[in-house]
Amino acid sequence: MAYDSAHGFSCDCGQTEWQVSKTAKGSQVVCYCTDCQAHLRHLDRVDLLHDGGTYIYQTTPDAVTLIKGHENLALQRLGPNGMMRYYTSCCKTPVANTLSKATLPFVGLPLKGEDPRLGPVICHAHTDKGTSGRKQTGFAAAGWGILIRAARAILSGRRASPFFTDAGEPVIHPTVLTREERRIASLRR
Ligand SMILES: [Zn+2]
Ligand SMILES: [Zn+2]
């Protein structure tokens, strides 16, 4: 169970739990990009797409703690240059997206839907790839938020991440989709 000072999250089957500090700074966004969609389609989790969009909480990795089910953590990249997309092997619940290196303290936590605990949605990104009919909004604000939070984390020495070793390597070895697997994933409905 999460502490009172943190928001708790659980995979669908309950074997894996993580939390994010309530004092962390972050933004809730919806991303409709083809990569976020392909990831969920490959996991056979289209139920988590909202008009093709994924709700994501963007914050710094030091705010995130894995509580249980570390052995269930799996890691996928949609290609050799793709983001690190952590999910649970127990029930295919997405957990976190990071860049390929720990250099920029950034993490996006995919959510099951809008999470009122995490503040208002400030950005709808890449809406042309979704079916919501929305215009893209808040993209610059979300980008600045990521950079400012990362800079503050670096300046105050908050470099810890549950997703990278101290040497800056991902904590588990990623599976990289082939172009064909990526293509098939994006066609899945
Ligand atoms: Zn699970
Ligand atoms: Zn995306």
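This tour visits a zinc site and then several salt bridges in a predicted model.

**The zinc site.** Begin by selecting the zinc ion (ligand 1), which is coordinated by the SG atoms of Cys11, Cys13, Cys90 and Cys91 at 2.3 to 2.4 Å. The angles among the four donor atoms run from 104 to 117°, and the site is tetrahedral. Along the sequence, the donor residues follow the spacing C-x1-C-x76-C-C. Cys13 belongs to the loop between β1 (6-10) and β2 (17-21), whereas Cys91 belongs to the loop between β7 (84-88) and β8 (94-98), 78 residues apart. Cys13 is partly exposed, at 38% relative accessibility; Cys91 is buried, at 17%.

**Asp12 and Arg45.** Next, select Asp12, in the loop between β1 and β2, together with Arg45, in the loop between α1 (34-42) and β4 (54-59). The two residues form a salt bridge, with their closest N and O atoms 2.7 Å apart. Asp12 is partly exposed, while Arg45 is buried with a relative accessible area of 8%.

**Arg182 and Asp35.** Proceed to the salt bridge between Arg182 and Asp35, at 2.5 Å from N to O. Because Arg182 lies in helix α3 (residues 179-187) and Asp35 in helix α1, this pair ties together parts that are 147 residues apart in sequence. Arg182 is buried, at 18%, and Asp35 is partly exposed, at 29%.

**Arg188 and Asp44.** Finally, select Arg188 and Asp44, whose side chains meet in a salt bridge at 3.9 Å, N to O. Arg188 lies in the segment after α3 and Asp44 in the loop between α1 and β4, so the pair ties together parts 144 residues apart in sequence.

Conventions: Residues numbered from 1 in each chain as written. Chains lettered and ligands numbered in written order. Predicted model: local features only at pLDDT ≥ 70, side-chain atom pairs only at ≥ 80, totals over all residues. Heavy atoms only, no water. Donors = N, O, S within 2.8 Å, 3.2 Å for Na, K, Ca; no water. Tetrahedral: all angles 85-135°; square planar, octahedral: opposite > 155°, others 65-115°. Helix = DSSP H or I, 4+ residues; strand = E, 2+ residues; numbered from the N terminus. Buried < 20%, exposed > 50% of the residue type's maximum accessible area, 1.4 Å probe, protein only. Salt bridge = Lys/Arg side-chain N within 4 Å of Asp/Glu carboxyl O.
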